[in-house]
Every structure is written in C-alpha cells, then in structure tokens.
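Student: I have a chain to look at and some questions about it. Can we go through them one by one?

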Amino acid sequence: MTEDQLWKLLPVAVLIIQGLIGWGVWSLRAKFRTSKGCDAIRKEQAEKLDMKGLEAAKESRKQMKGIEDRLDAVEQRGLVLDTALANLPTVQNFHALAQSLEKLNGSLGREIEGLRGGQRAMEESVKSLGYSIDAVKHQVGLLMEHGLNGGNNGRS
C-alpha cells in the first residue's frame, strides 16, 4: 500500500478507533454507578445495618440481663455462705469443747468406778440375803413339818 492510500484510510481508522473508545466508555458507565445510585445503596445498607444493629443490641441486652441475673444469684449465694461461715465454731471453740469433754470423761470415769464399787457391794448384799433366805426357808420348812406332824417329829 502506498502512502496516499494510507492517508485515505486514516479517517476510517480513526472513526473505528473512536467508536471502540466510545463503546468502552459506555460499557464502563454501565458497570459503575452514579453518585446518586451510590448514595441510595449506601443509605439502604446503612438502614440494614441499623436494623441488624438494633436486633443485635436487643439480643445483647437480653444476654446481659441473663448474665446479671446469674451474677446476682451467685452474689446472693456468696452472702449466704459468708453468713454461714461466720456462724461456724472457731478453733478456740473446738479446743474448749475438747477440754470440756476430757474433764467430763474424767469425772464420768470416777463416777463409773464408784458405781462399780457400789454394784459389787450390792452383789455381796444380795448373796448374803440369798443365804439368809435359804436359812429362813429351811426354818419355815421345819416349822411346817412340825406343824403337820403335830409335834411328833415323825414318830408314831
């Protein structure tokens, strides 16, 4: 091709190139939004986020209320335990109790030994009383026999 022919084709080539550039700009414009469109989308998304935020805040308040209730219950149990622990006997109380029990054990031991001695004396008294009763029975038997026989002592 010659230079003259190229100069004749140049306006057609420029027209084709401008058409391609125009088509590219139009395609890009269709893919990008206008500032009004962006503002509308931002507003819509902000409203959605606000709604989600409100729901999340409500849920969070419910959860916090539950946690606070459980915390109050734990605090109440802690106060009850503190009161109960304050009323428990101390080491000094247990020591005094142990000493009192030792004294009581000693005095009970002496009392029990005294009762055992008294029991032994009673056993001896009961034995001697048993011997006396046996002697009286023998005497009564003899008297009965004498009374039944009419004073004959068994002689006919």
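Student: How far apart are the mean positions of the positive and negative charges of the protein chain?
Tutor: This is a predicted model; local features need pLDDT of at least 70, side-chain atom pairs count only at pLDDT 80 or more, and totals for chains, interfaces and linings use all residues. Residues are numbered from 1 along each chain as its sequence is written, and side-chain values use heavy atoms, with hydrogens and water left out. Lys and Arg count as positive, Asp and Glu as negative, while His and the chain ends are not counted; each charge is placed at NZ of Lys, CZ of Arg, CG of Asp or CD of Glu. The chain has 22 positive and 20 negative charges, and their mean positions are apart by 8 Å.

Student: Which elements does the protein chain have, and in what order do they run?
Tutor: Helices (H or I, at least four residues) and strands (E, at least two) are DSSP runs, numbered from the N terminus. The chain has three helices and zero strands. From the N terminus on, the order is α-α-α.

Student: What is the radius of gyration of the protein chain?
Tutor: The radius is taken over C-alpha atoms, and the globule rule is 2.2 Å times the number of residues to the power 0.38. For 156 residues, a compact globule would come out near 15 Å. The C-alpha atoms here fill a box of roughly 195 × 50 × 35 Å along the principal axes. The chain's own radius of gyration is 62 Å.

Student: Is L15 buried or exposed?
Tutor: L15 sits in helix α1 (residues 3-31). Buried means under 20% relative accessible area, exposed over 50%, and partly exposed in between (1.4 Å probe, protein chains only). L15 has 59%, so L15 is exposed.

Student: Which residue forms a salt bridge with K65?
Tutor: A salt bridge is a side-chain nitrogen of Lys or Arg within 4 Å of a carboxyl oxygen of Asp or Glu. The closest N and O atoms of this pair are 3.3 Å apart. The partner of K65 is D69.

Student: Where do E113 and R116 lie?
Tutor: Their side chains meet in a salt bridge, 3.0 Å from N to O. E113 is partly exposed at 45% relative accessible area, and R116 is partly exposed at 41%. They are three residues apart, about one turn, and both lie in helix α3.
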